[in-house]
Amino acid sequence: MGRVLIDALYQRATPKAPVRFVGFENISAVLADPAFAGAVVNNLIYAVGTTVPSIALALLFALALARTHAVNSALRAALFLPVLIPMVAASALFLFIFLPNVGLLDYYIGRLLPVLPNWLGDGDIALYAIMVITIWKNAGYYMLFFLAGLQAVPEDVMEAAHLDGAGPYRRLRHIILPELKPTFLFVTVIATLNAVTQVDHVFVMTQGGPSNSTNLVLFYIYQQAVEHYDIGKASAATLLTLAALMALTALSFRTMANREGGP
């Protein structure tokens, strides 16, 4: 981080050229770059579009598989299996699934629709297509946190609510979900960090295209550092991203601490 901070203040025209101190010009250049603004917007859409469904599915899986027996244990393992697959390998798998006309997805959807979209070649849907792999890969991971959170729900309170005639919905709304608030907040932070730091699938599947429609912040940083060799601009973008993530994390955990310490 110290090296990134220093590099953000300097500029190098070519790999062998001497560095030149430019102060905050790199940060200004990043903030004025339309490609960076587009990557930020894409990342916000990507973060919301992956975090909300992943957490919803994880909670649903946890509620369905909360009781421990052989069948549930097998289902938990099956849902957790995608977490163990490297993102590069998973991206190659989904690249085959999304192949136009010959991929597995088009093979089955082609029986229902006369015209099939180009899942990764259409700028209007490519970003949503790569969201699918993130949701598929992370939902099982977040499920583990909700399973642990459900263990902390007081059994005596659940039994008392059941004896008082509270149905499953009322128990979920008034007992389980309030008890899971710290878990929700923690998982939301983890999911948000994943949405910003996962870039392997973009590199393998789309390279940020078409027309930068799937370009995310981390891939933008890679482009500046590796493709354009603009280390100063890449470092400036990294600092801005780290500052945003640290602020979001601090705010989230402060909120969690206030809720736990409140009445």
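This passage walks through the overall build of a predicted model and then looks at one of its helices. Residues are numbered from 1 along each chain as its sequence is written, local features need pLDDT of at least 70, side-chain atom pairs count only at pLDDT 80 or more, and totals for chains, interfaces and linings use all residues.

The C-alpha trace spans about 75 × 55 × 30 Å along its principal axes. Of the 263 residues, 38% count as buried, meaning under 20% relative accessible area with a 1.4 Å probe and protein chains only. As for contacts (heavy atoms within 4.5 Å), residues 24 or more positions apart make up 68% of those with a separation of 6 or more.

On the annotation side, an unreviewed UniProt entry lists residues 44-66, 78-105, 125-148 and 234-253 under "transmembrane region"; such annotations may be inferred rather than shown by experiment. In the model, residues 125-148 are 96% helix and 0% strand, with end C-alpha atoms 35 Å apart. Residues 234-253 come out as 100% helix and 0% strand, and their end C-alpha atoms lie 28 Å apart.

Now for helix H5, which runs over residues 87-97 and has Met87, Ala90, Ser91, Phe94 and Ile97 buried. Looking down the axis of H5, these buried residues fall within an arc of 110 degrees, so they line one face of the helix (the arc is taken from the directions from helix axis to C-beta atoms). Their cover includes helix H6 (104-109), helix H7 (126-151) and helix H11 (200-205).

Conventions
Side-chain values use heavy atoms; hydrogens and water are left out. Buried means under 20% relative accessible area, exposed over 50%, partly exposed in between (1.4 Å probe, protein chains only). Helices (H or I, at least four residues) and strands (E, at least two) are DSSP runs, numbered from the N terminus.
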